Amino acid sequence: MLHFERWKIIAILGTIFVGFLFALPNFVSKETLESWPSFLPKRQMPLGLDLQGGAHLLLAIDQNELRTDWLNTLREDARRTLRDAKIGFSAIGIAKDAVQVRLVKPEETDAALKELKKLVQPVGNLILGTSGNDTEVEKGSEPGVILIRPTQFGMDQRLTHAAAASIETINRRVNALGTAESTVVQQGRDRILVQYPGLSDTRELKELIGKTAKLSFHAVHPTVTADEARVTRPPAGYRIFEAAESERNYQSAYVLQEVPVVQGDDLVDAQPAFDSQTNAPIITFRFNQSGARKFGNFSKTHVGEPFAIVLDDQVISAPVIRDAILSGSGQISGNFTVESANNLAIQLRSGALPARLTIVEERTVGPSLGADSIEAGKLAGIIGMVATAVLTVLAYGTFGVYAVLGLLVHGILILALMSMIGTTLTLPGIAGFVLTIAMAVDANVLIYERIREELRAGRTPVAAIETGFQRAFVTILDSQLTTLAAAVIMFWLGSGPIRGFAVTLTLGILTSVFAAVTVTRLLVAMWLKSAIKGSKRTTSVSVPI
């Protein structure tokens, strides 16, 4: 147990040296790092919002828009279902949070009810049991009228899915700005918290997050204009779409088919680029196989006719199809700047938000507060380490010095690991770091107390030390695995600061075991070897503990 082969000693010392190299950038300024040779590590540990300041946004999901979108979908589904069943209807509209279907023949009400009830989906878990249906289909107060109404169960499910989809979309958009340190978590049923460290101007962040970026491609009515549709009414299946500001120089509004030819969901890539002829900023896009097929079929039958590109219910471009577009790729042009083209490409790539988000709370955390927190954390860490070192040396003498050296190795390695994997340091992370210092010393206490027990039992110094490390290791491993399990659960179920604490605690467990069991054991073994050579007899060795 106390014998170390040469390669093991080299491996331990090499690990400590590499850890020192990766931890060193955290103790120098960024200007100093720039002057370092390229082969040296330069990655510093990123700081969280509470330490370096940044933007804090609390967003709310627009439930009214979510319900409206759902009602529009139910209306289209009802229209398609009745057409497939060859049941005539005179009107399908939305009234009082319900889709109202008016049949041509009231005697077909029962048949229509049977067909429309196929749209009802159960809500809940199939294993644990369902909690209800997402919609209700019932007869209206007038003959030949059927109402399709979303239930509260269905609305709650939609809201849950919308929150999850919004978090995923916001994460993709925010991280596209070049950071992996942002925090996007759900708060309550319809709130989303976004924290972006190091950002003092929230304008770009708000614009990037706030837009739904719903992209779709629609057919333009060949004869009816928007002005004519306003005087009378749009043809069945069509509605008026306003033009975006950049498009109003050509036309203020368009009459477009409500059901898009291709949805933005079929978009697989969007990138900012420049037009080869005008050198103006544009956005190139590419469809998936399904979208390319649908767009190709549409373009083949509508050569010479315009089609509209709609973003967030506004027409941003309405080019004329010159030839069939079968490649599944194209470009969006407009009065874009380089910045707006890049932001729009990010929004399109990351997908559309399921509903509009409104800012409920906005604040900026200044870096001065973070600097105070860092100084307070440093002071707490220094006081904790010094007090621990003094008490350990007073209690265990020379072996206490070895424990303190192991403690320093533990601190260096945890800083190195956090820098290497890019773990964001927060105030809870500092608390976790200080906690692991006590855990590292606790492992040494278990070992040294076990050695004392073996010495009191009459064992020789070599046997006592050997047995102390061997038997205490089982206890150390058991306690650390228990703490590791708790850290894993915190990381799995927690979010934000709780995860930061769990990550620091997990890394601290790994480094504390290495420092207490391996590094300290190596130092004790080297001391024991030197003491044996000096005394010539193992029984005359005095253990300073």
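The axes of helix α12 (residues 427-456) and helix α13 (residues 461-493) come within 8 Å and cross at roughly 145°; axes are lines fitted to C-alpha atoms over the stretch in contact, and angles run from 0 to 180 degrees between N-to-C directions. Helices are DSSP runs of H or I with at least four residues, strands are runs of E with at least two, and both are numbered from the N terminus. The model is predicted: local features need pLDDT of at least 70 and side-chain atom pairs pLDDT 80 or more, while totals for chains, interfaces and linings use all residues. Residues are numbered from 1 along each chain as its sequence is written, and side-chain values use heavy atoms, without hydrogens and water.

On the α12 side, the residues in contact (heavy atoms within 4.5 Å) include Leu 446 and Ile 447, and on the α13 side they include Phe 469 and Ile 476.

The largest nonpolar core has 38 residues, and Val 101, Leu 116, Ile 170 and Ile 209 have the most contacts inside it. Such a core is a set of buried Ala, Val, Leu, Ile, Met, Phe, Trp, Tyr and Cys residues joined through side-chain atoms within 4.5 Å; buried means under 20% relative accessible area, exposed over 50%, and partly exposed in between, with a 1.4 Å probe and protein chains only. Helix α6 supplies the largest share of this core, seven residues. Beyond its neighbours within four places in sequence, Ile 209 touches residues including Leu 57, Ile 170 and Leu 353.

Asp 97, in the loop between β2 (89-94) and β3, has a positive phi near 55°. Asp 97 is partly exposed, at 43% relative accessible area.
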